[in-house]
Amino acid sequence: MLDFQSDWDRPYQLSSQSADHLLRVRLTPTTSGQRTLPLHLAIALDTSQSMQGEKLEAAKRACATVISQLRPEDKLSLASYSHQVQNQLSQVSGNAPQAQQIIEKLRADGTTRMDLALNWFQSALPLSLIHISEPTRLR
């Protein structure tokens with residue numbers, strides 16, 4: 001299991017001017033000692049021209065950090081997207097060494113087509129239907 005924490009870089013302020021804000025997200029493995037089910041993680045990294053420079057480098061570092069926390073039994077799918085989606089990895093072992101190398105080689109180019117990335121997520125992480133044979137009671 002993972003603990004999820006998030007916070008903004010500064011308080012929200014009402015203003016007639018637009019302002020950039022940074023949302024920090026931290027995922028840390030729980031240390032309960034219990035075995036957990038394998039994680040199936042899909043990451044789509046924006047590599048459009050607007051990400052050029054420090055934004056892309058920061059996103060690549062964040063991806064590398066998340067991937068370094070995966071266990072061998074976890075599964076990772078990775079894509080980069082701009083004007084098209086490029087599938088980089090599909091359901092590989094969570095500790096696949098090639099993931100870090102692929103992330104490092106990504107470069108910014110093209111326009112942002114987030115709709116294509118969202119479609120990729122649907123194919124990378126198909127939903128499973130769970131059949132419950134016994135009635136479930138809410139308490």
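This is a predicted model: local features need pLDDT of at least 70, side-chain atom pairs count only at pLDDT 80 or more; totals for chains, interfaces and linings use all residues.
The axes of helix 1, which spans residues 54-68, and helix 2, which spans residues 98-105, approach within 10 Å and cross at roughly 175°. Helix 1 is therefore roughly antiparallel to helix 2. On the side of helix 1, the contact is made by Lys60, Cys63, Ala64, Ile67 and Ser68, which meet Ala99, Gln100, Ile103 and Glu104 of helix 2. Classified by residue type, this contact of helix 1 with helix 2 contains five nonpolar, two polar and two charged residues.

Side chains of opposite charge can pair when their charged atoms come close. A search of the whole structure identified five salt bridges. One of them joins Glu54 to Arg61, with the closest N and O atoms 2.7 Å apart. Glu54 is exposed, at a relative accessible area of 52%, whereas Arg61 is partly exposed, at 47%.

A salt bridge also links the side chains of Glu57 and Lys60, with an N to O distance of 3.4 Å. Glu57 and Lys60 are separated by about one helical turn, because they lie three residues apart in helix 1. Glu57 is partly exposed, with a relative accessible area of 30%. Lys60, by contrast, has a relative accessible area of 3% and is therefore buried; Lys60 is also among the residues of helix 1 that meet helix 2.

A further salt bridge connects the side chains of Glu73 and Arg71, at 3.5 Å from N to O. Glu73 is partly exposed, at 26% relative accessibility, and Arg71 is likewise partly exposed, with a relative accessible area of 23%. Together with Asp74, Arg71 and Glu73 are linked in a network of salt bridges.

Terms used: Residues are numbered from 1 along each chain as its sequence is written. Side-chain values use heavy atoms; hydrogens and water are left out. Axes are lines fitted to C-alpha atoms, for helices over the stretch in contact, and angles run from 0 to 180 degrees between N-to-C directions. Helices (H or I, at least four residues) and strands (E, at least two) are DSSP runs, numbered from the N terminus. Angles under 35 degrees count as roughly parallel, over 145 as roughly antiparallel, 65 to 115 as roughly perpendicular and the rest as oblique. Contact means heavy atoms within 4.5 Å. Ala, Val, Leu, Ile, Met, Phe, Trp, Tyr, Cys and Pro count as nonpolar, Asp, Glu, Lys and Arg as charged, and the others, Gly among them, as polar. A salt bridge is a side-chain nitrogen of Lys or Arg within 4 Å of a carboxyl oxygen of Asp or Glu. Buried means under 20% relative accessible area, exposed over 50%, partly exposed in between (1.4 Å probe, protein chains only).
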